[in-house]
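Visitor: I am new to reading structures. Please take me through one, feature by feature.

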2 protein chains.
Amino acid sequence: MPSPERLITLYGPGLLGGSLALAIQQRFPQTCLRLWARRPEAEDGIRARGITAEFTTDARAAAQGASLLILCTPVETMATLAAAIQSAPLAADAIVTDVGSVKASVVSALQPLLGHAFIGSHPMAGSEKTGIETARADLFEGAACLLTPVAETAAEPMQRLRDFWMAMGCHLLEMSPAEHDVKVARISHLPHFMAAVTTLAALRGDVSALKCAAGGFRDSTRVAAGDPGLWSGIGAANQQALISRLEEAQRTLAELLLILRSGQVAELQQFLAEAQALRKQL
Amino acid sequence: MPSPERLITLYGPGLLGGSLALAIQQRFPQTCLRLWARRPEAEDGIRARGITAEFTTDARAAAQGASLLILCTPVETMATLAAAIQSAPLAADAIVTDVGSVKASVVSALQPLLGHAFIGSHPMAGSEKTGIETARADLFEGAACLLTPVAETAAEPMQRLRDFWMAMGCHLLEMSPAEHDVKVARISHLPHFMAAVTTLAALRGDVSALKCAAGGFRDSTRVAAGDPGLWSGIGAANQQALISRLEEAQRTLAELLLILRSGQVAELQQFLAEAQALRKQL
């Protein structure tokens, strides 16, 4: 398969940006790669991972002439980067996308700056770990990637964006930015914040209980070890949908407590059986 | 290392009982092994796993002459089995233990029947899967095993029980049955029921969100696929400690919602950072 892109610029060489760099380098050795980071020291980490991209800390210069630009930074930093990109001599065929965990606020901040060159993406891949040291060329293999075109999105850039993510190993789902945020609140943001709630409710007051922990605790709270800075930004950017899901969790927890207090084992079994049936559809 | 036991009887050849049978057979080929199951058909599954134990559906006969008897059945069935064991011609040195996930109710039900021959155990190993098909000889390797002796427990059987679990690969923790139930409510029962709450709050009303699921949802809800019959019994048997933890989760969730509604990103980050710091102690 030929490279779908001439020059790809990645903003933010962390877990996601670094994994994209490794995957692009491996699959499309002819595509030129350019990496931007805020701090010049980031170049050392990039070289240590064997990435041979051009490196710059100038966001405007990084955009020049690229055919695909991908923002891999925390969502709250994207508007500032988009303003720098807008001021650059962009290629006529340039597409800008991102890998942020929220879409409505990102799309509404970036489209006024970048117009229809911007199409939102959200590959459902990541880890509780951060940084280029944890990047892997196969991070996106088998992952869902959610694309959020809007009515004005043109067919040609949309198809190029699909081709790119499929080449990274993703299967695609397309939906509006608003629908994205509601679905992802269900399947990603809710579980993340619930893992933090469970960790706190389990261990505040007696951290020694950790000595008894087995695989159940380890797995169900794994994501609570994720980066608080990154996830507080995600929670704030998807505030309404997340609140709505956490309120649903509050109602569900109240339902469970009512059953437990009543001592009705058959009802408790039914509650767990409903959760089991839903989980088994995965 | 010589076998610490002459004849071991396992009641209930499911994931835990089957894994014990495989581990005992592998490590102590000279120890006689006897398996009891409620249904005669269970023998086929035992043979299919290459276990060469004596098999019976007679709980009383299963107890005769054994030096170590281990109840690996759901907690609510243990008192009935203990009554059958009590009526058997038990060896003078017989120890009875169990692998149940709750201890106060099990110990208080079984000690009147079996006296100080009974000492509670709880190896922190398992899976959301059930049945002898999923049993593994190394299931207990590296797991914590909680032992719950009482004031009257004699030194010799206690040491034999320690030796047995250490030979299975466990590291030991000793505590009272009541302390066990409180600790395990924190580290095992709370995460299990919270995984069910998260699954229901995520998917009730839109199971199609599963198409967007990644590793975070998969791991944080894995245990929600566990056996509802087994876990409703555990919840009912540890009702007070579990209610107390779920009420703590309710307060923590209310705290989180207050922060989210206020829009204070710094406070949200601090909430997540506290959870991260606790989780990283694992």
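Visitor: What share of the contacts in chain A with a separation of 6 or more comes from residues 24 or more positions apart?

Guide: This is a predicted model: local features need pLDDT of at least 70, side-chain atom pairs count only at pLDDT 80 or more, and totals for chains, interfaces and linings use all residues. Residues are numbered from 1 along each chain as written, chains are lettered from A and ligands numbered from 1 in written order, and side-chain values use heavy atoms, without hydrogens and water. Contact means heavy atoms within 4.5 Å. In chain A, residues 24 or more positions apart account for 72% of those contacts.

Visitor: How many residues of chain A, in percent, count as buried?

Guide: Buried means under 20% relative accessible area, with a 1.4 Å probe and protein chains only. Of the 282 residues of chain A, 57% are buried. The C-alpha trace spans about 70 × 45 × 35 Å along its principal axes.

Visitor: How do the axes of helix 5 and helix 7 of chain B cross?

Guide: Helices are DSSP runs of H or I, at least four residues, numbered from the N terminus. Axes are lines fitted to C-alpha atoms, for helices over the stretch in contact; angles run from 0 to 180 degrees between N-to-C directions. Here the axes of helix 5 (residues 104–114) and helix 7 (residues 177–203) of chain B come within 8 Å and cross at roughly 150°. Angles over 145 degrees count as roughly antiparallel. Helix 5 and helix 7 of chain B are therefore roughly antiparallel.

Visitor: Which residues meet there?

Guide: A104(B), S105(B) and V107(B) of helix 5 meet P177(B), A178(B) and D181(B) of helix 7.

Methods:
Helix = DSSP H or I, 4+ residues; strand = E, 2+ residues; numbered from the N terminus. Parallel < 35°, antiparallel > 145°, perpendicular 65-115°, else oblique. Buried < 20%, exposed > 50% of the residue type's maximum accessible area, 1.4 Å probe, protein only.
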